[in-house]
Amino acid sequence: MAKRYLVISAVIFMFIGGCASLDRVSREDQSFMKVFDAAGFEKDKIFDAAEIWITDNLRSPKAVIEVDDRSRGVMIAKGKVRYPCEGLSCISKNDWEVGFTMRLDVKSEKFRLIFNELKIFCPEKDPGVYYQQDQMSPPVTRGDLDAIKAELLNFGDRIVKQLKNARAQNDW
């Protein structure tokens, strides 16, 4: 009898936790930014590493980098990545894509990434409850936005890694 209550309680908690990820998000929540430390690196080195990382990693049917203003330290790129699913959500979301605009502002020893214009693409086989079939739609649920935000903000750490790898390769 106690096991039955334990199972019922577990199901209720999973349902409540799952519902929290279905909270709707506002348009303002869909734009976010983060500043990254690049101690020991000058503006041009950061800019170069970011440019290489962006062109190597962001999928796009057209040119990825739309603004490339080294003197001002500004780069704007449009890109696509796979939807960052985990666990059971990958069953239905494994072929979804996320489109976005990323702005990079660079100063010596630091840079800022700003993301906006987020769009989720769901293929016709499984558009999900909130999204149009075969169309790009803004993220609607908190769970989708949180997954996307974590993945995109991870780009900054990858750019820092690119900087360090470039330094190591120059010292061969």
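User: Hi! Of the contacts with a separation of 6 or more in the protein chain, what share comes from residues 24 or more positions apart?
Analyst: Hello! Those residues account for 57% of the contacts with a separation of 6 or more. Keep in mind that this is a predicted model.

User: Thanks. How many helices and strands does the protein chain have?
Analyst: The protein chain has four helices and six strands. Reading from the N terminus, the order is α-β-α-β-β-α-β-β-β-α.

User: And what percentage of the residues is buried?
Analyst: Of the 172 residues in the protein chain, 33% are buried.

User: Let's go to strand E4. Is it mostly covered or uncovered?
Analyst: E4, which spans residues 97-107, is mostly covered, with nine of its 11 residues buried.

User: Which strands does E4 pair with?
Analyst: One partner is strand E3 (residues 74-82), in the antiparallel sense over nine bridges. Another is strand E5 (residues 110-121), again antiparallel, over 10 bridges.

User: How many residues sit between E4 and E5?
Analyst: Two residues lie between them, and the two strands form a hairpin. Glu109, in the turn, has a positive phi of about 70°.

User: I'm curious about Thr101. Where is it, and is it buried or exposed?
Analyst: Thr101 is in strand E4. Its relative accessible area is 9%, so it counts as buried, the limit being under 20%.

User: Which side chains does the Thr101 side chain make polar contacts with?
Analyst: One is the side chain of Lys78, at 2.7 Å. Another is the side chain of Glu117, at 3.0 Å.

User: And what does Thr101 touch, leaving out residues up to four places away in sequence?
Analyst: With those left out, Thr101 touches Ile76, Ala77, Lys78, Ile114, Phe115, Asn116 and Glu117.

User: Switching to aromatics: how many aromatic pairs are there?
Analyst: The count comes to seven aromatic pairs. One of them is Trp53 with Phe155, a tilted pair at 4.9 Å centre to centre with 55° between the planes.

User: Which helices do Trp53 and Phe155 lie in?
Analyst: Trp53 lies in helix H2 (residues 43-57) and Phe155 in helix H4 (residues 142-170), so this pair ties together parts that are 102 residues apart in sequence. Both Trp53 and Phe155 are buried.

User: What about Phe100 and Phe115, how are their rings arranged?
Analyst: Phe100 and Phe115 form an edge-to-face pair, 5.9 Å centre to centre and with 65° between the planes. Phe100 belongs to strand E4 and Phe115 to strand E5, 15 residues apart. Both of these residues are buried.

User: Which residues do ring pairs link into a cluster?
Analyst: The cluster consists of Phe32, Trp53, Phe100, Phe115 and Phe155.

User: Now the largest nonpolar core. How many residues does it have, and which have the most contacts inside it?
Analyst: The largest nonpolar core has 38 residues. Those with the most contacts inside it are Leu58, Phe100, Phe111, Leu113, Phe115, Leu152 and Phe155.

User: Which elements give two or more residues to this core?
Analyst: They are strand E1 (32-37), H2, E3, E4, E5 and H4. H4 gives the most, with eight residues.

User: Phe115 keeps coming up. What does Phe115 touch, not counting residues up to four places away in sequence?
Analyst: Phe115 touches Gln30, Ser31, Phe32, Phe100, Thr101, Met102, Leu152, Leu153 and Phe155.

User: Last topic, cysteines. How many disulfides does a search of the whole structure find?
Analyst: The search finds one disulfide. Cys85 is joined to Cys90, with an S to S distance of 2.2 Å.

User: What is the handedness of that disulfide?
Analyst: The disulfide between Cys85 and Cys90 is right-handed, because the torsion about the S-S bond is about 105°.

Conventions:
Residues numbered from 1 in each chain as written. Predicted model: local features only at pLDDT ≥ 70, side-chain atom pairs only at ≥ 80, totals over all residues. Heavy atoms only, no water. Buried < 20%, exposed > 50% of the residue type's maximum accessible area, 1.4 Å probe, protein only. Pairing = 2+ DSSP bridges. Disulfide = S-S within 2.5 Å. Polar contact = N/O pair within 3.5 Å; in protein donor to acceptor, adjacent residues only side chain to side chain. Contact = heavy atoms within 4.5 Å. Phe/Tyr/Trp six-rings, centres within 6.5 Å; stacked < 30°, edge-to-face > 60°. Core = buried A, V, L, I, M, F, W, Y, C linked by side-chain atoms within 4.5 Å.
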